[in-house]
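Please look over the sequence and the model shown here before reading the briefing that follows.

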Amino acid sequence: MTDLSIAALGRRYRGGDLSPEAVAEDCLDRIARHDGAVGAFVTVTPERALADARRAAQALARGEDRGPLHGVPYVLKDIIDTAGILTTCQSRSRAARIPARDAHVVARLTAAGAVLLGKTATWEFAYGGPSWDALGTPTRNPWNLERHAEGSSSGAAAAVAAGFASFAIGTDTGGSIRLPASACGVTGLKPTYGRVGRSGVAPCSAALDHVGPLALSAADAAAVLAAIAGPDGGDPDVADAPFAPVPPADLSAVTVGVPRGWFEREAPVSAVVRDAFEAALAVLRGAGARVVDVTLPPLRDYTDAKEVIALREIHDVYAAEVAADPDAYGASFRWRTMAGALVGDADLARARQRRRELDRDTAAAFAAVDVLATPTIEPAGRLEPTPHELLLTGMVMTTPFNVTGQPAVSVPCGFAPDGMPLGLQLAGRPFDDGSVLAIAAAYQERTGWHLRRPAL
């Protein structure tokens, strides 16, 4: 039933031929049958799901409609607090933690009538992974259980791809919504920095962290963003900027910029990825879009600024507790956190200054284009990559838009010969999330990649 779009699910609820309880039961049954192989979940919450679904059905019966997400099943990355429900951050240090309050984003989704199915696997504190010595093991990719699901929102992406839920909420500090979205063949949006509140979400880097949706389509992601965007009294960086979805864009009015230097010279992509990307550009051109090459600052500059800022900020948050009880943390998270001690105040100041320059130079490119387009990442690799394979993914084209805070979405754009999904990334101007999603939706209207599902 989660193959239905959010809009189609809502129509059937309101038409009376499908109930939120039936959909929740179907999801829970699918999770019980298949998640043992996938490992998308840390915690499944059947009692909460059925109670949420029952309330949603009763409200509809009374004529109370909370909007597009009313009765729609979803999952949360397990760094997002849920009152009375285990929230582990995939860390032994939080193995028994049960928060007293919901995160801001959870409260928004509860108000929208969404149905919580459970908490999904992540990397430890969304930073130190993939780890085999933290709490639990990395999620497997539903398209091939011997491949990984990429990024710290891997459980969230895998849950949507596997049909366990209609949408998921993840977080993104350097690509951790968009990378697993690409790897698992779903749509993942990193909203504009300051669009969605982060209170109640375990911090990684306050300057770079974003909360956003993973879903089957850009239209579904837009419906979720509309519910979660807006002020958060616990997050001073959030703007009072509600979001409303817009129809698929008229691509004849759109100019797409392509920073070829990033993926042809600095971090060359494989022929498989390049061919799929060029085919996606051909679809956009065929629909009337103008595609032009653009020059942006070196990808390495964005990556270096992000790494310096993130290392120092995560050190400042977690180093004291890691030092006090190092055995409570996995090796990857422990090493990365303590490495932040090497970032001095002068290093941090230089990285922040370079970030301001990158923000200015990237914004200048939008004088001539409406969106930027890049490949998202290579197809998902082996479940247990070698250190060398991990180093090869060091520079990714998602990172620049964490540094600048611009909205960016990854949408499916094809499959590699071995059957693994590929992604197209589109990025736009700050707080122009609507246009980014509308262009992505127009692309998806003309392609069927987002409609394919793995056979579990």
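**Ser153 and its surroundings**

Leaving out neighbours within four places in sequence, Ser153 is in contact with Lys77, Gly170, Thr171, Ser176, Ile177 and Pro180, where contact means heavy atoms within 4.5 Å. Ser153 lies in the loop between β5 (144–148) and α5, and at 0% relative accessibility it counts as buried; buried means under 20% relative accessible area, exposed over 50% and partly exposed in between, with a 1.4 Å probe and protein chains only. The helices (H or I, at least four residues) and strands (E, at least two) named here are DSSP runs, numbered from the N terminus.

This is a predicted model, in which local features need pLDDT of at least 70 and side-chain atom pairs count only at pLDDT 80 or more, while totals for chains, interfaces and linings use all residues. Residues are numbered from 1 along each chain as its sequence is written, and side-chain values use heavy atoms, with hydrogens and water left out.

**Helix α5**

- Helix α5 (residues 154–161) has eight of its eight residues buried, so it is largely enclosed by the rest of the structure.
- The buried residues of α5 are Ser154, Gly155, Ala156, Ala157, Ala158, Ala159, Val160 and Ala161, and just after this helix Gly163 takes a positive phi of about 80°.

- Strand β6 (residues 167–172) is mostly covered, with six of its six residues buried.
- In a regular strand the side chains alternate between the two faces of the sheet.
- From β6, Phe167, Ile169 and Thr171 point one way and Ala168, Gly170 and Asp172 the other way, and all are buried.
- Strands count as paired if DSSP finds at least two bridges between them; β2 and β6 run parallel and are joined by three bridges, with Tyr74 having Phe167 as its bridge partner in β6.
- β6 is also joined to strand β8 (residues 210–215) by six bridges, and these two run antiparallel; here Phe167 stands opposite Ala215 in β8.
- The largest nonpolar core has 136 residues, and those with the most contacts inside it are Leu69, Phe167 and Ile169; helix α10 (residues 299–324) gives the most to this core, with nine residues.
- A nonpolar core is a set of buried Ala, Val, Leu, Ile, Met, Phe, Trp, Tyr and Cys residues joined through side-chain atoms within 4.5 Å.

**Strand β12 and its partners**

- Seven of the eight residues of strand β12 (residues 408–415) are buried, so this strand is largely enclosed by the rest of the structure.
- Strand β7 (residues 187–190) runs antiparallel to β12 and is joined to it by three bridges, and the bridge partner of Leu189 in β12 is Val409.
- β12 also pairs in the antiparallel sense with strand β13 (residues 421–427), over seven bridges, and the partner of Val411 in β13 is Leu424.
- The hairpin of β12 and β13 has five residues between the strands, and in this hairpin Gly419 takes a positive phi near 90°.

**Loop residues**

- Most residues other than glycine have a negative phi, and most peptide bonds are trans.
- Gln90, in the loop between β2 (73–77) and α4 (104–111), has a positive phi near 55° although it is not a glycine, and at 5% relative accessibility it counts as buried.
- Phe125, found in the loop between β3 (115–120) and β4 (140–141), likewise has a positive phi, near 50°, and counts as buried at 1% relative accessibility.
- Ala112, in the loop between α4 and β3, is buried with a relative accessible area of 10%, and, not counting residues up to four places away in sequence, it touches Arg66, Leu69, His70 and Ala227.

**The second largest pocket**

- The second largest pocket has a volume of about 300 Å³, and of the 19 residues that line it, the closest to its centre are Ser5, Ile6, Ser217, Ala219 and Asp220.
- A pocket is an open set of points on a 1 Å grid over the protein atoms alone, where a 1.4 Å probe fits, with protein on both sides within 12 Å along at least five of seven lines, and lining residues have an atom within 4 Å of a point.
- Grid points are joined across faces, edges and corners, and the volume is the space filled by probe spheres set on the points.
- The largest share of the lining, four residues, comes from α7.
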